[in-house]
Amino acid sequence: MTFRLPLLLLLLLGPGCARQHFFQPDARLPAAAGTVPADSARVTVGRHYQRGAVHNLFLGRHYRPVWAAPVVLPVLDLTKAVPGGLRPGKMGGGFQSTSMTVTEANGRDYALRTLDKDPYKTLPRVMQKTFLLNLVRDATSAANPFGAFVVPPLAEAAGVLHTTPRLFYVRAGETGLGTSSALFQRKVVMLEEKFDGKANLTPAFGPAQDLKGSDQMLRARYRQPTHQIDQLAFARARLLDIWLGDWDRHEGQWQWAVYEQPDRTLYRPVPKDRDQVFYRFDDGLIPWVLTRRWGARKFRTFKPHYDDIGGLVQNARFIDERALSEVSGAQFQQLALDLQQRLTDDVISRALRLLPPSVYALEGARLEAALKSRRAALPAAAQTYYRLLARHVTIAGTDQAERFVVQRLSDSTTLVSVYPVTDDDEKPRAGALLYRRLFRTAETQRLTLHGLDGQDVFEVSGEVAQGIRVDIFGGPDTDKLTDTSRVRRGGKKTVYYDTNSGNTINGGPEVRDQTEKGVLMHAYDREGY
């Protein structure tokens, strides 16, 4: 019955086919003479999302009044939007927003994209002309269209690198975007820095030498041990995400500032695309059922309390696993307490005043109260987040040779250390340490070690009554495993996966040789992603 009810309601609420004229034809509203500056326009970002009481009951009120609220925005003038002007570039490949890369005279890039979205291309072709398209389009109203513009001062106070997006209205006669101009005309657009490549570095990045995407960063990280992620900086940024209720933080939502240091290359995170800040989804019957009964946990509603940290961080699981493996529970707590001190009442109030007056009147007080309440509970949220991460931790080497040392110190603790080694003697380089973390049996169920490429050495030792399971993936080169550990309760606790020849295995009853399963059993591969 639980599954039939939402389907029945969908059929009742949606027409048989997609509405051809779903979106507002022009964002601009009539304005009395002299009430709006000549270089501005009175607009709504999406008055087509306004619906009746019955519709809202079943599908949610969301942010419909905000989308329909009249606001005054500057009219886009490509010659004045940034010093030196902007010239049109390549159209973007996004599936929902219409986007284009526009370039400054000095080579800096910006993304120009429509604020409203059309998820037409995200649906299977058989659904693109059905009522389901109307429903998916309508769900755009769950996002606060002005949320991203509140974030920069909050991120600045938190010590997190950020973009600074701006809103414009594109007039009906705009032709400066070339052959694609018509796709942007009469719409509200966001102009946001593209932090990719050396040309887009600004003084805010200090001594950074480059800007990379997540795929480039991960390739470098897993190729050489001297390339490392600033995991504490990433943990700080992720706690800011959680505080803001920003659930869509997958690896594509990050750029990485590159800092060349004497002994290493460090990558620091730069969040972008804050489209889902302050999300409000489960205020209708059908969305509530989707999130509570159908497993759509990631669509978390921003509330004064944290109701499901696991759902909130679900979309970022891939990058979290790779960029937070070093961070301890104590460090998460220190970061949470530091953020509480930085994100003062005054900082919150000034940030929310960046909302247009009509939007602030609708949402300002509620958002301010929720942010303060969530700030108070941030240490507890950080602890929950850490516990989720600590259940299964992946520790990866690189394509060079490394030595992984696992010491079962006691029933309650296991120490993992990783060293770079020379190819000839399997000994750590003098004074070198790539990784070290103490794990607690009460927090961690499994550790997964990845040697990746290179001739790696794995050593497991210690006799305990109970311990953490350790899965070892050797990689394509010949590797060596020595296991002298013993766990008296709970069965075998060391499992080894590798190619079916050329490896050396010296182990007691706790080693389970699974070489026939090969090296591709995990998400890691030689590229590191």
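Which residues touch the most other members of the largest nonpolar core? Within that set of 85 residues, they are F146, L154, L239, I242, W243, L244 and F278. Please keep in mind as you look around that this is a predicted model. Helix α7, spanning residues 231-244, gives the most to the core, with eight residues.

**The nonpolar cores**

- I242, one of the residues that touch the most other core members, has contacts well beyond its sequence neighbours.
- Leaving aside residues within four places in sequence, I242 is in contact with Y306, I309, L312, V313, R374, A381 and Y385.
- There is also a second, separate core of 17 residues, which includes V406, Y435, I468 and Y496.
- As general background, nonpolar side chains in soluble globular proteins tend to be buried together.

**A helix pair: α5 and α12**

- Packed helices are described by the angle between their axes and the distance between the axes.
- For helix α5 (residues 151-158) and helix α12 (residues 345-352), the axes come within 8 Å and cross at roughly 155°.
- An angle over 145 degrees counts as roughly antiparallel, and α5 and α12 are therefore roughly antiparallel to each other.
- On the α5 side the meeting residues are P153, L154 and A157, and on the α12 side they are V347, I348 and A351.
- The make-up of this contact is simple to state: six nonpolar residues, no polar ones and no charged ones.

- Strands β8, β10, β11 and β9 form an open sheet in the order β8-β10-β11-β9, with mixed pairing.
- At the edges sit β8 (210-213) and β9 (227-229), each of which pairs on one side only.
- From one strand to the next, the twist averages 35°.
- β8 pairs with strand β10 (residues 254-261) in the antiparallel sense over four bridges, and here D210 stands opposite V258.
- Helix α6 (residues 214-223) lies across β8, β9, β10 and β11 (264-271), and runs at about 100° to β8.

**Strand β5 and its partners**

- How many of the six residues of strand β5 are buried? Five are, so this strand (residues 109-114) is largely enclosed by the rest of the structure.
- Strand β4 (residues 99-104) runs antiparallel to β5 and is joined to it by five bridges.
- Five bridges also join β5 to strand β7 (residues 188-193), again in an antiparallel arrangement.
- A111 of β5 is a handy landmark: T101 stands opposite A111, and in β7 the bridge partner of A111 is E192.
- The hairpin of β4 and β5 has four residues between the strands, and there G107 takes a positive phi near 100°.

**A buried valine: V416**

- V416 lies in strand β14 (residues 413-420) and is buried, with a relative accessible area of 0%.
- Beyond its neighbours within four places in sequence, V416 is in contact with I395, V405, V406, Y435, R436, R437, F439, L447 and L449.
- Two of these contacts, V406 and Y435, are included in the second core.
- V416 and V460 are 44 residues apart along the chain, and their C-alpha atoms are separated by 9.3 Å.

Key
Residues are numbered from 1 along each chain as its sequence is written. This is a predicted model: local features need pLDDT of at least 70, side-chain atom pairs count only at pLDDT 80 or more; totals for chains, interfaces and linings use all residues. Side-chain values use heavy atoms; hydrogens and water are left out. Helices (H or I, at least four residues) and strands (E, at least two) are DSSP runs, numbered from the N terminus. Buried means under 20% relative accessible area, exposed over 50%, partly exposed in between (1.4 Å probe, protein chains only). Contact means heavy atoms within 4.5 Å. Two strands pair if DSSP finds at least two bridges between them. A nonpolar core is a set of buried Ala, Val, Leu, Ile, Met, Phe, Trp, Tyr and Cys residues joined through side-chain atoms within 4.5 Å. Axes are lines fitted to C-alpha atoms, for helices over the stretch in contact, and angles run from 0 to 180 degrees between N-to-C directions. Angles under 35 degrees count as roughly parallel, over 145 as roughly antiparallel, 65 to 115 as roughly perpendicular and the rest as oblique. Ala, Val, Leu, Ile, Met, Phe, Trp, Tyr, Cys and Pro count as nonpolar, Asp, Glu, Lys and Arg as charged, and the others, Gly among them, as polar.
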